[in-house]
Amino acid sequence: MEIGRTPLEGLLVLRPKVFRDERGWFLESFNARAFKEATGLDPRFVQDNESRSQAGVLRGLHFQAPPRAQGKLVRVIVGAVLDVCLDIRPDSPTFGQHYKIELTGDEKNMLWIPEGFAHGFRTLEDATIFSYKCTDFYHPPSERTVLWNDPALGIDWGVTDPVLSAKDRAGIPLAAMTINA
């Protein structure tokens with residue numbers, strides 16, 4: 001597994017080894033021992049989620065507030081997304097900054113998103129299947145949504161009129177957000 005650091009402390013880009021031959025390909029999407037050796041981290045995943053979306057769908061920016069915060073290992077199984085992670089750790093020197101990367105089923109790259117980040121993505125292809133492993137269970141009272149187009153954040157999603165859920169349309173600007181409760 002190849003690990004890439006990002007400008008946001010703790011946010012990692014992972015590239016698994018992909019074994020290809022005339023039959024197709026094989027990869028380990030997660031191996032706890034290899035993950036710990038490569039990153040020094042030993043997350044306990046308790047829930048796997050998967051979504052399927054058409055091109056132009058935007059999901060996010062979501063997080064769960066402490067004490068139910070989640071770390072996530074995310075990847076695209078089929079298709080492609082523009083993935084966005086927003087640092088919402090109040091004491092972080094990069095608070096309010098974001099990182100964007102294209103994740104694709106062909107490239108098989110992944111992101112480790114530690115607790116303290118809001119996360120979202122915009123689908124770039126029809127029938128995109130997105131998968132994420134979570135370190136805590138979904139807990140609706142802890143769920144928060146940062147406004148996807150909060151002008152203070154300056155996130156260029158590459159779209160002005162995405163397909164949004166009611167929850168995402170009702171997101172709150174980061175400056176008005178309650179993060180720790």
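1. A salt bridge is here a side-chain nitrogen of Lys or Arg within 4 Å of a carboxyl oxygen of Asp or Glu. Asp48 and Lys133 meet this criterion through their side chains, at 3.2 Å from N to O. Asp48 belongs to strand S5 (residues 47–53) and Lys133 to strand S12 (residues 128–134), so the pair ties together parts that are 85 residues apart in sequence. Strands (E, at least two residues), like helices (H or I, at least four), are DSSP runs numbered from the N terminus.

2. The model is predicted: local features need pLDDT of at least 70 and side-chain atom pairs count only at pLDDT 80 or more, while totals for chains, interfaces and linings use all residues. Residues are numbered from 1 along each chain as its sequence is written, and side-chain values use heavy atoms, with hydrogens and water left out.

3. The structure holds 7 salt bridges, one of which joins the side chains of Glu107 and Arg15 at 3.6 Å, N to O. Since Glu107 lies in the loop between S9 and strand S10 (110–113) and Arg15 in strand S2 (residues 12–15), this pair ties together parts that are 92 residues apart in sequence. Accessibility is classed as buried under 20% relative accessible area, exposed over 50% and partly exposed in between (1.4 Å probe, protein chains only). Glu107 counts as partly exposed at 41%, and Arg15 counts as partly exposed at 29%.

4. Another salt bridge links the side chains of Arg23 and Asp21, at 2.5 Å from N to O. Arg23 is exposed, with a relative accessible area of 73%, whereas Asp21 is partly exposed at 33%.

5. Lys108, in the loop between S9 and S10, lies over the face of Trp25, 3.7 Å from the ring centre. The criterion is NZ of Lys or CZ of Arg within 6 Å of the ring centre and within 35 degrees of the ring normal. Lys108 counts as buried at 10% relative accessibility. Its phi is positive, about 70°, although Lys108 is not a glycine. Most residues other than glycine have a negative phi, and most peptide bonds are trans.

6. Ala127, in the loop between S11 and S12, has a positive phi near 60°. A cis peptide bond joins Gly60 and Leu61, with omega about 10°; Leu61 lies in strand S6. The bond from Pro66 to Pro67 is also cis, with omega near 10°, and Pro67 is in the loop between S6 and strand S7 (72–78).

7. An open sheet is formed by 5 strands in the order S9-S8-S11-S6-S13, with antiparallel pairing; two strands pair if DSSP finds at least two bridges between them. Strand S9 (98–104) and strand S13 (143–145) are the edge strands, each pairing on one side only. Strand S6 (residues 58–64) and strand S11 (residues 117–123) are joined by 3 bridges, and His62 stands opposite His119 in S11.

8. The whole structure contains 6 aromatic pairs. Rings of Phe, Tyr and Trp (its six-membered ring) pair if their centres lie within 6.5 Å; planes under 30 degrees apart are stacked, over 60 edge-to-face, and the rest tilted. Phe30 and Phe35 form a tilted pair, 5.6 Å centre to centre with 50° between the planes. Phe30 is partly exposed at 25% relative accessibility, whereas Phe35 is buried at 0%. Both residues belong to one aromatic cluster formed by Phe30, Phe35, Phe45 and Trp112.
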